[in-house]
Amino acid sequence: MTSYLVRRFFLMLLTLIGMSIVIFLLLRLMPGNIADIMFDSAGFVDPAEKAALEKELGLDLPIPVQYWEWISALVVGDLGFSYVSEMPAIDELAPRIPITVKLALMALGFSVLFGLPLGVISAVRQDTMLDYVLRVISLSGLSLPSFWLALLILMAFVTYLGEIPIYTDPPDNLWDELLLYTIPAAAVGFRTSAIIMRLTRSSMLEVLRQDYIRTARSKGATDNSVNYYHALKNAVLPVTTIIGFEAAFLIGGLIITETVFNIPGVAHFLVEAILMRDYPIVQNLVMFIAVVVVLINFIVDLLYAVLDPRIKYAD
Amino acid sequence: MIRKFSICAASAVLFAVSLGAGAALAQKSGGTLKVYHRGTPPSGSIHEEATNSTLSPYMPIFNNLVMYDQSKPTNSLDTIVPDLATKWTWNEDKSKLTFNLNTGVKWHDGKPFTAKDVVCTWDMLQGKRKAKFRKNPRKSWYKNLDKVTADSDTQVTFHLKRSQPAFIALLASGYSPVYPCHVSPRKMRTNPIGTGPFKFVQLKQNEFVKFEKNENYWKEGLPYLDAIEWTIIKSRSTRVLAFIAGRFDMTFNVDVTIPLLKDVKEQAPNAVCELRATNVSTNLIVNQDKPPFNDPDIRRAMVMSIDRDAFIKILGHGQTIKSGALLPPPNGVWGMEPEFLKTVAGYNPDVNANREKARAIMKSKGYDENNRLKVKVATRNIAIYRDPAVILIDHLKSIYVDAELETVETSNWHAKVARKDYSVGLNLTGIGVDDPDAMFYENYACGSQRNYTGYCNADLEKLFEKQSMMEDVEARKKVVWEIDKKLQEDAARPIIFNNKAATCWHPHVKNFTTMTNSVYNGWRLEEVWLDK
């Protein structure tokens, strides 16, 4: 187990180094840079002024030098300055990350809380009216784009309640914060809950047909004990994998949700930074996301061993 | 009888004065004006930007020497009023413009404002100082400015190379604030300091930009508002819904499009919405260095294929404006009037006749049904650019031109145009001041950085100068129309239509005037108040 962990750790490190190179190069491959964009807002391009700006920002240096400057600074925790606001990148990123993390956790919580039990119910009551209704709900969750759903929610609020659940001021307390994020979290989590619901259902159906379930029933175990203790415990493994993937995928959904609900999180900020070619923001933020995703995958791998005692990692 | 009349007149005057006093007393101080913003301003330095995203929120930080009367909707030489200057005088040949300045004015950091600050500002704009702007988009406005001198702490003189009576119009624009000498350009981008009615508090990217009342504002009793908060909302649907729901007092400057205006009026029937000309034109740019577009006849044929009424009907719901480079009355001051406009090639309402002539030109150049000219129409990949480009492509088909749409990521647009990496493009052009000097020198003069097509006509340059030196408005207008006609017929940057859009506010916002011929001059907000 220990040597497995060490191997996984070095693999993680290699993955991150590879990713840093890919992130850096992809950004440079995109047409245009911050100087182009800044002159775009001024409605003209003066080649001399543009060259001076590129020099000021170090964009005239060879690509390997630029990479080395970035990565060596990153290692010591220096994230540089945002090209757009001319403020330290850490000051731009740090307050936004918790907002997105909270929103993502709430969305994930919503997905699991709805998806898992409804998936079990759907499987246990297979081919009943309740199962059909839940399957329709899960299908709509998969087919409704989250931006469209989010806009419908906003329009419904404005039309019927005369209020709009968007972020315009920071919430005063935890309760306000919860209220503020509940609707966006539900909007973005609806899709994930649908995936979890469908996967739980099919996984449960498969497990419920296993011999050991029949044995448990023949031994007189109650329905609840069979469904939730014996069956769910084994059916939940593939669902856990999907929850891991979805946690990373949620970032994509959050970009739209943060834009529509005007939440000043890091997902929407990332898109804006990409459009502005704000390299220090994008590079550091994408690296951060890469670290999080790699870590989540690592944790999910470890969770397998905890959830399924049959899985053993050889030393 | 005379005595009786005098008493009546005196009573009437007293009544009028008391009404005026009543109105003044009705103004309430206090409150925060909440406005939504469409996106993070690129910087806080007005002189370095050419976008409403910076100008509208940051204009209240500054003062100009003179400005356009904020209560009058049409900007003209007659509506210019003093700001930091108490008065101005011209020398006899209108080549020296002297301003007397207010005393006791302080910058937001407490330092005194003097004539040296005015000199510094225009020295920076002319690139004469060591500290430089990163970008200087209105350099061309000051082509005729020789130097600015401080005659004393309270007097400055602008020395022009030749007579330019309308020079003062440029100084009255929201784009011409006075900057402090002692603050670096970098700080002006991130934490600007002015003498204006509001002080900069904070900008958070994608969140907000906030301003607070300048308690020591040198105009007594102003401003009325305690603060202005601009909340940045990128999604147009969200921000318009938020305005309808009453989350904001006001929309962003001309953010409500004609189709959206209908929705706003339906859902917020009490909102005040003013649909105004923006003085932003949708136009055709043709790379005059690329064959066959270096041939003026081909360019002229392209211009003659355009059915402007179709654009206006489809995109502007019949409300946008047919014009040349300059915006015509009643919205603008200098544009060609309808009867004259009809005489310009391509503006004849008989589109079929125009196209017949255009086809004849194309045939004479070897193009016909069997030998069609293939071209790409480049434009920004956003709806207000893309939509007219699609219609343009359809119109070009009528003169044996098969065009294909080439969408360009918006951030790369100007870089591409500056590289002349296009043959035909569709562009939008806004102008800060409704004055021919600004329009011609910025967009059509030889060597101007914003003259995207590189059009350069020595004869017209002489006419630019001629009109610029004229004082008589009517006489100047005739020369201006002659120039505008030539610009359109030469396809220098043919105007397809002039845009309109609305700004909306709730009825409790008082004393705000939208301007009809520029969206860049009416955002000082010092006399705006909230009746809440």
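Predicted model: local features only at pLDDT ≥ 70, side-chain atom pairs only at ≥ 80, totals over all residues.
1. Chain contact. Chain A places 36 residues in contact with 34 residues of chain B. Helices H2 (34-42), H3 (47-56), H8 (146-161), H11 (223-260) and H12 (266-275) of chain A each give two or more residues to the side that touches chain B. The largest share comes from H2(A), with seven residues.

2. Composition of that side. The side of chain A that touches chain B counts 19 nonpolar, nine polar and eight charged residues.

3. Domains of chain B. The domain assignment divides chain B into domain 1, made of 32-223 and 506-530, and domain 2, covering 278-500. Taken over C-alpha atoms, the centres of domain 1 and domain 2 of chain B are 31 Å apart. The contact draws 21 residues from domain 1 of chain B and 22 residues from domain 2 of chain B. On the domain 1 side of this contact in chain B, the classes are eight nonpolar, 10 polar and three charged residues.

4. Sheet in chain B. Four strands of chain B form an open sheet in the order S4-S5-S7-S6, with antiparallel pairing. Strands S4 (85-90) and S6 (145-152) of chain B are the edges, each pairing on one side only. From one strand to the next, the twist averages 20°.

5. S5 (residues 96-101) and S7 (residues 155-160) of chain B are joined by five bridges in the antiparallel sense. B:Phe99 has B:Val156 of S7(B) as its bridge partner.

6. Helix on the sheet. Helix H3 of chain B (residues 115-125) lies across S5, S6 and S7 of chain B. Relative to S6(B), H3(B) runs at about 170°.

7. Helix pair in chain B. How are H8(B) and H11(B) arranged? Helix H8 (residues 296-305) and helix H11 (residues 351-364) of chain B pack at about 155°, and their axes are 8 Å apart. Angles over 145 degrees count as roughly antiparallel, and H8(B) and H11(B) are therefore roughly antiparallel to each other. The crossing of H8(B) with H11(B) is left-handed.

8. Residues of the helix contact. H8(B) contributes B:Asp297, B:Arg300, B:Ala301, B:Met304 and B:Ser305. From H11(B) come B:Asn354, B:Arg355, B:Lys357, B:Ala358, B:Ile361 and B:Met362. By class, the contact of H8(B) with H11(B) holds five nonpolar, two polar and four charged residues.

Note on methods
Residues numbered from 1 in each chain as written. Chains lettered and ligands numbered in written order. Axes fitted to C-alpha atoms, helices over the stretch in contact; angles between N-to-C directions. Parallel < 35°, antiparallel > 145°, perpendicular 65-115°, else oblique. Left-handed = near helix turned anticlockwise from the far one by under 90°. Contact = placed C-beta atoms within 7 Å. Nonpolar A, V, L, I, M, F, W, Y, C, P; charged D, E, K, R; others polar. Domains from an automatic or database assignment. Pairing = 2+ DSSP bridges.
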